[in-house]
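Please walk through the following model with attention to its sheet, its helices and its chain contacts.

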Amino acid sequence: MDTKNAAVKLETVNNTLRAAITGEIDHHCAKNIRQEIDAALLSASPDKLIIDMSNVTFMDSSGLGLILGRYTKAEEVGTAFAVQGAHGRVRQMFDMAGLDRIITFEGDVKK
Amino acid sequence: MKKSANTLKLQFCSLSQNESLARSLAAAFVMQLNPTVAELADIKCAVSEAVTNCTVHAYRDAVGPIYMTMHAYDDRKVKIEIRDAGCGIPDVETAMQPLYTTDAENERSGMGFTVMDSFMDGLTVRSKPGKGTKVTMMKKLSALPR
């Protein structure tokens, strides 16, 4: 089976929390990723949260909820928020849901 | 639609780890027809949405059977039926509206049916409260290059 459940690597540099997600984001793994990012966000109180999606290989609408939820959480604690590296089908999903009008996308974005 | 050239019938539990299993099996079945990368991605995403709906909404805190039947036709159409015997949907039309969700607290986006509708070429949802829901999706694959 060629699926790889999503995982997240967290790193804080210069008061920016970078959450680099790899693999396939679906409902099964979204909850764990959400909890890991939220715990780091609350403990580090960074100036900015960046979700790096360069290495996300699949995302269904569970990913939309995950990203919108982190955006909302960051807003609540006064942390700037951006998504980096959303490409291809992943970016298409954000556009379809209208999140491109709410969330800042940075970096290597290919439609 | 011509006679089905191949059919695969599956039954699995409404466990969240089966979401990736279901979309991988759908991709493996459709690969026989040499789809494009984009077509394969469309089908995987639509199947993932439909199976997630069964896990999250149809059976909620319980575990029940999900029935997935896939047909491949000679005219390069693929039909995928995903059925549950869960709680059913009282108002299908409302449930299919973009951003509509009954599970906002768990960060469900309410985009599942919109994704299925956008990525497939046909979507039918039949449901009876207390009986279950059947989602039927159709995809017409592009002609093979000569």
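The model is a predicted one.

Chain B contains an open sheet of five strands, in the order β1-β2-β3-β5-β4, with antiparallel pairing. At its edges are β1 (residues 4–13) and β4 (residues 122–128) of chain B, each of which pairs on one side only. From one strand to the next, the twist averages 10°. Strands of a sheet pair through backbone hydrogen bonds, either parallel or antiparallel. Inside this sheet, strand β3 (residues 77–84) of chain B runs antiparallel to strand β5 (residues 132–140) of chain B, and eight bridges join the two. One residue pair can be picked out: B:Glu81 has B:Thr136 of β5(B) as its bridge partner.

Helix α1 (residues 18–30) of chain B lies across β1, β2 (residues 65–73) and β3 of chain B. The helix runs at about 170° to β1(B).

Helix α2 of chain B covers residues 37–58, which makes 22 residues. From first C-alpha to last it reaches 31 Å, close to the 32 Å expected at 1.5 Å a residue. α2(B) is mostly covered, with 17 of its 22 residues buried. Just after this helix, B:Arg60 takes a positive phi of about 45°.

What does chain B bring to the contact with chain A? In total, 20 residues of chain B are in contact with 21 residues of chain A. The elements of chain B that give two or more residues to this side are α1, α2 and α4 (residues 112–119). The largest share, eight residues, comes from α2(B). By type, the chain B side divides into five nonpolar, ten polar and five charged residues.

Note on methods. Residues numbered from 1 in each chain as written. Chains lettered and ligands numbered in written order. Predicted model: local features only at pLDDT ≥ 70, side-chain atom pairs only at ≥ 80, totals over all residues. Helix = DSSP H or I, 4+ residues; strand = E, 2+ residues; numbered from the N terminus. Expected span 1.5 Å × (residues − 1). Buried ≥ 20, exposed ≤ 12 C-beta atoms within 10 Å, placed from the backbone. Pairing = 2+ DSSP bridges. Axes fitted to C-alpha atoms, helices over the stretch in contact; angles between N-to-C directions. Contact = placed C-beta atoms within 7 Å. Nonpolar A, V, L, I, M, F, W, Y, C, P; charged D, E, K, R; others polar.
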